[in-house]
Amino acid sequence: MDFKDYARQPQKLASGQKSCSGCGFPIIIRMAMSAIDRPFVVCQGTGCVSVTTTTWPFTSWKMPTIHSAFPNLASTAAGVETAVRVMKKKGKLKKDIKVVAFGGDGGTYDIGIQALSGAIERRHNILYICYDNQAYMNTGGQRSSATPYGAATATTPHGTLHHGKELFRKDLTYIVAAHDVAYVAQASIFDFADLTRKVKRAMEVDGFAFINILSPCVLFWKIPTSDAYKISELAVKTCFWPLYEVDHGKWILNFKPEHKMQIEAFLKPQGRFKQLLELRNRHIVDGLQQRVDRKWKELLFMCEKTKEKPEKKEVKKVKKKKIVKKPVKKGVKRKPEPKIKTSKTRSKFAKLKDKLKRKRR
Ligand SMILES: Cc1ncc(C[n+]2csc(CCOP(=O)(O)OP(=O)(O)O)c2C)c(N)n1
Ligand code: SF4
Ligand SMILES: [Mg+2]
């Protein structure tokens, strides 16, 4: 499906929802849902998505949706999936209904990670999408474990002593991959085709699927309302947010920038990193670059390590016969090898015989 087909499709998330103008998550939700062509139920945890799309008595969702508390989105989704499975088994439901969950980073990386880990371990057949806007935006922009080092948030402001959040972000995509999940991917609105393909693949697999999508927040990243796409592109091209997938244990890199950009390109347009770009904070930016480089190398290593190598053709080796010399027993003299008589040796022998005969006479 290209952009034209996508534009012609009836929208599954209605316009008029109350998110800030230029916010990343409505784009993510629309793109993701455009790739789903079977009946599904949406589960959403408390966050910007729920408060802007389901304010009583309105809903922007054009399919059944269930709103759950902040910490237990994955448990709610697991419950819905189990109910669907049991009803099908009992013959009360004929349709093959999929469960799709949308959760923020706070509800997924932090308070909901226990529910998420449990649902993955139980192999529920769910697609869980995390829209990662890198902080608790709905409640005023407090830091989460997804907030990157150096970002100013409501709870980690820039000041004379502190430079925003002074801890590195958690790599949840890696953590989920470590569960040996059926399918896990990292995506971005920068690449529509890649994002929709990943959603399609996630809907196909039998088991838990997880997609982590970077979701620019115009309000707390302090970016112009027109820049969600541009920032997403820079996140990918600096390798801060690489696009990759792990399909049944096989790591695949989906985008390798021709020229890997420096991390400043991603930091510069965002007000939340303003202080980092002052000359006195150069060492922090260098530290961030080192970390991005290390993570990028790790990713390339994983992709190389799990790459399917072409099977080697079996070449039948012809065994050389070993010439084994019989061991010589001690004290036993080896028999002298018989001399082969040639015409030369015979004539010499005859000459000697004649000589001896002549002497005797
Ligand atoms: C148990 C519990 N603690 C705190 C809250 C308040 N709360 C609601 S949404 C939210 C932040 C959600 O952050 P995130 O999941 O990142 O979604 P975002 O708002 O960024 O979209 C918080 C702290 C709550 N609803 N329930
Ligand atoms: S606060 Fe951020 S994430 Fe929430 S609706 Fe506004 S732009 Fe979107
Ligand atoms: Mg968030």
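Trainee: How many helices and strands does the chain have?
Mentor: This is a predicted model, in which local features need pLDDT of at least 70 and side-chain atom pairs count only at pLDDT 80 or more, while totals for chains, interfaces and linings use all residues. Residues are numbered from 1 along each chain as its sequence is written, with chains lettered from A and ligands numbered from 1 in the order in which they are written. Helices (H or I, at least four residues) and strands (E, at least two) are DSSP runs, numbered from the N terminus. On that basis, the chain has 12 helices and 8 strands.

Trainee: What percentage of the residues in the chain are buried?
Mentor: A residue is buried with 20 or more other C-beta atoms (placed from the backbone) within 10 Å of its own, exposed with 12 or fewer, and partly exposed in between. Of the 361 residues in the chain, the buried ones make up 38%.

Trainee: Which strands stand at the edges of the sheet?
Mentor: The open sheet has 8 strands with mixed pairing, in the order β2-β1-β3-β4-β6-β5-β7-β8; strands pair if DSSP finds at least two bridges between them. Each edge strand has a single partner, so one side of it is left without a neighbour in the sheet. The strands at the edges are β2 (65–68) and β8 (250–253).

Trainee: What is the bridge partner of isoleucine 129 in β6?
Mentor: Start with the two strands: β4 (residues 126–132) and β6 (residues 209–214) run parallel and are joined by 6 bridges. In β6, isoleucine 129 has as its bridge partner isoleucine 211.

Trainee: At what angle do the axes of α4 and α6 cross?
Mentor: Axes are lines fitted to C-alpha atoms, for helices over the stretch in contact, and angles run from 0 to 180 degrees between N-to-C directions. Residues are in contact if their C-beta atoms, placed from the backbone, lie within 7 Å; here Leu73, Ala74, Ser75, Ala77 and Ala78 in α4 meet Ala115, Leu116 and Ala119 in α6. The axes of α4 (residues 73–89) and α6 (residues 113–121) come within 7 Å and cross at roughly 35 degrees.

Trainee: Which residues of α11 are buried?
Mentor: Helix α11 (residues 282–305) has 24 residues. An α-helix has 3.6 residues a turn, so residues three or four places apart point the same way. In α11 the buried residues are Ile284, Leu288 and Val292.

Trainee: Which helix supplies the largest share of the shell around ligand 1?
Mentor: Residues count as near a molecule if their C-beta atom, placed from the backbone, lies within 6 Å of it. Ligand 1 is surrounded by 17 residues, the closest being Gly47, Cys48, Gly104, Gly106 and Asn138. Both α3 (48–53) and α5 (105–110) supply at least two residues of this shell. The largest share, 3 residues, comes from α5.

Trainee: Is threonine 52 buried, exposed or partly exposed, and what is its class of exposure called?
Mentor: Threonine 52 is found in helix α3 and is among the residues surrounding ligand 2. Leaving aside neighbours within four places in sequence, threonine 52 is in contact with Gln17, Lys18 and Ser19. With 17 other C-beta atoms within 10 Å, threonine 52 is partly exposed.

Trainee: How far apart are the C-alpha atoms of threonine 52 and glycine 16?
Mentor: Along the chain, threonine 52 and glycine 16 are 36 residues apart. Their C-alpha atoms are separated by 9.3 Å.

Technical notes. The expected span of a helix is 1.5 Å times one less than its number of residues. Two residues are in contact if their C-beta atoms, placed from the backbone, lie within 7 Å.
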